[in-house]
Amino acid sequence: MKLGYVIFYVADVPATLAFYETCFGLKRRFLHESNSYGEVETGTTVLAFASEDMAGSNGLTVRFHRPAETSAAVELGLVTPDVGAAFQHAVKAGAISVHPPKQKPWGQTVAYVKDLNGILVELCSPMGP
């Protein structure tokens with residue numbers, strides 16, 4: 001098996017796609033005409049967003065992300081060679097600052113922001129050998 005995609009249920013799919021394009025430079029891959037499902041390019045794994053209504057229509061009971069609430073116990077990791085610049089750009093473009101860049105004991109630089117939905121996003125440098 002391989003990881004094909006990750007889906008986050010959000011209140012506004014088009015706004016979320018625009019946010020990820022603006023804050024993180026990801027390119028829109030697809031938006032369904034219903035505005036209830038969309039994807040951005042992230043490499044081999046697709047990052048997707050579906051409307052909160054779609055969770056119910058899929059028979060799922062979930063806790064939705066909200067920016068003012070404590071983040072869920074999951075994070076989305078975006079790898080970049082310049083975490084500092086990515087962090088500054090994301091915050092300037094509307095992401096909520098959680099933790100500025102910090103070097104971890106294993107050498108990786110990591111920063112955290114929340115997106116417009118309250119999803120925790122880790123901005124991190126590539127892992128070394």
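1. A word on the model first. This is a predicted model, in which local features need pLDDT of at least 70 and side-chain atom pairs count only at pLDDT 80 or more, while totals for chains, interfaces and linings use all residues. Residues are numbered from 1 along each chain as its sequence is written, and side-chain values use heavy atoms, with hydrogens and water left out.

2. Let us start with the sheet. Four strands form an open sheet with mixed pairing, in the order β5-β8-β7-β6. Strands (E, at least two residues) and helices (H or I, at least four) are DSSP runs, numbered from the N terminus, and two strands pair if DSSP finds at least two bridges between them. β5 (76–79) and β6 (96–103) are the edge strands; each has a single partner strand, so one side of each has no neighbour in the sheet. From one strand to the next, the twist averages 20 degrees.

3. Q103 has T109 in β7 as its bridge partner.

4. Now the helix. Helix α1 (residues 13–24) lies across β5, β7 and β8 (120–124), and runs at about 25 degrees to β8. Contact here means heavy atoms within 4.5 Å. Axes are lines fitted to C-alpha atoms, for helices over the stretch in contact, with angles from 0 to 180 degrees between N-to-C directions.

5. The rings are worth a visit. There are six aromatic pairs in the structure; rings of Phe, Tyr and Trp (its six-membered ring) pair if their centres lie within 6.5 Å, with planes under 30 degrees apart counted as stacked, over 60 as edge-to-face and the rest as tilted. F8 and F49 make a stacked pair, because their ring centres are 6.4 Å apart and their planes are at 25 degrees. This pair links distant parts of the chain, with F8 in strand β1 (residues 5–10) and F49 in strand β4 (residues 46–51), 41 residues apart. Both F8 and F49 are buried (buried is under 20% relative accessible area, exposed over 50%, partly exposed in between, with a 1.4 Å probe and protein chains only).

6. Helix α1 brings its own ring pair. Y20 and F24 both lie in this helix, four residues apart, about one turn of the helix. Their pair is tilted, at 5.2 Å centre to centre and 55 degrees between the planes. Y20 is buried at 0% relative accessibility, and F24 is buried at 16%. Ring pairs link F8, F19, Y20, F24 and F49 into a cluster.

7. N35 is in the loop between β2 (28–31) and β3 (37–40). Phi of N35 is near 65 degrees, a positive value in a residue other than glycine. N35 is partly exposed, at 39% relative accessible area.

8. Finally, the charges. The structure has five salt bridges, each a side-chain nitrogen of Lys or Arg within 4 Å of a carboxyl oxygen of Asp or Glu. In one of them, E39 pairs with R29, with the closest N and O atoms 3.3 Å apart. E39 is buried at 14%, whereas R29 is partly exposed at 44%. E41 also forms a salt bridge with R29 (4.0 Å, N to O). Shared partners join R29, E39 and E41 into one network.
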